[in-house]
Amino acid sequence: MNNSQIHNDYKQQIADYFNRRTNYDQEGDFHPLVAHHLIQCADIQPGQHILDIATGTGLVAIEAAQIVGNSGSVVGVDLSEGMLRRSHSKIAAAGLTNIELKQADIETIQLPDNSFDRIFCCCGIPYIPNIPTNLRRWHGFLKPGGIIALTGVAETASIFSNLLIKIATNYGLELPSWSEVTGTQKKCKNLLQTAGFEQIQITDEQFGHYLSLESAQNLWEMFINNPLTHINFVQHFNCEQLNAAQAQYFSHLETLVTEQGIWNDLTLYYMVGHKPIDR
């Protein structure tokens with residue numbers, strides 16, 4: 001299989017995965033809270049034009065559309081048809097007419113340069129290949145003086161996915177980390193600087209909590225069904241090897257149990273950068 005086929009297979013897995021997760025905005029308050037806090041970072045004004053990358057079920061797009069009003073507009077882009085169907089129903093229920101949804105690959109979609117006042121990407125970076133290159137493209141879509149606002153995962157986040165990375169190395173496999181490009185505040189700042197942004201601000205928020213051993217064990221299914229894990233880990237295993245890897249995962253978890261449970265760190269970074277004004 002060549003690199004192009006792997007790339008396309010991975011993107012199809014992402015679309016299929018999120019087609020099955022169209023109710024993720026109802027799985028507790030995590031996603032709505034993150035979307036709301038990200039919007040607050042970007043100082044949206046009435047009449048502005050917004051691009052929401054990996055828009056999903058429209059958490060950012062809908063709130064942004066309510067702020068910009070009918071004199072403004074929002075374009076939401078996502079690979080998943082299922083996610084966009086749910087977003088369409090929510091938009092209709094809210095009576096909004098200033099949102100356009102596009103089912104497309106953000107890596108290849110053609111959008112006019114210098115056309116958006118704000119660009120958002122909430123919880124999407126781990127799934128988008130070659131973020132540095134894509135950030136430079138998104139920089140072009142922004143108007144001079146426009147703002148980009150993104151979330152990133154800290155390297156301390158999700159001890160469970162980090163356990164999988166360690167297990168993968170036992171089998172000679174390199175499993176990408178969700179925090180690969182955003183693991184520290186310094187990495188976040190360098191990422192935006194390299195793409196041409198300035199006046200960069202990085203803030204963090206902790207969403208961590210304790211889990212029971214059983215709840216942590218149940219995360220195994222979620223992780224192995226995730227496209228990031230599947231294409232780099234699961235597809236290389238036969239059933240016996242996968243069962244052995246699961247046993248290692250469970251064994252590691254038992255060493256992490258405390259009186260309160262197993263701590264699941266979930267530190268997110270809010271990354272904000274400005275496109276320089278032409279001088």
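1. The model is predicted, so local features need pLDDT of at least 70 and side-chain atom pairs pLDDT 80 or more, while totals for chains, interfaces and linings use all residues. Residues are numbered from 1 along each chain as its sequence is written, and side-chain values use heavy atoms, leaving out hydrogens and water.

2. K11 and E107 form a salt bridge (side-chain nitrogen of Lys or Arg within 4 Å of a carboxyl oxygen of Asp or Glu), with closest N and O atoms 2.4 Å apart. K11 is in helix α1 and E107 in the loop between β3 and β4, so the pair ties together parts 96 residues apart in sequence. Helices (H or I, at least four residues) and strands (E, at least two) are DSSP runs, numbered from the N terminus.

3. K11 also meets D105 in a salt bridge, at 2.5 Å from N to O. Here the parts tied together are 94 residues apart in sequence. K11 has a relative accessible area of 10%, and D105, also buried, has 17%.

4. A further salt bridge joins E81 and R85, with closest N and O atoms 3.4 Å apart. The two residues lie 4 apart in helix α4 (residues 81–94), separated by about one helical turn. E81 is partly exposed at 42% relative accessibility, whereas R85 is exposed at 52%. Shared partners join K11, D105 and E107 into one network of salt bridges.

5. Across the whole structure, the search finds 5 salt bridges.

Key: Buried < 20%, exposed > 50% of the residue type's maximum accessible area, 1.4 Å probe, protein only.
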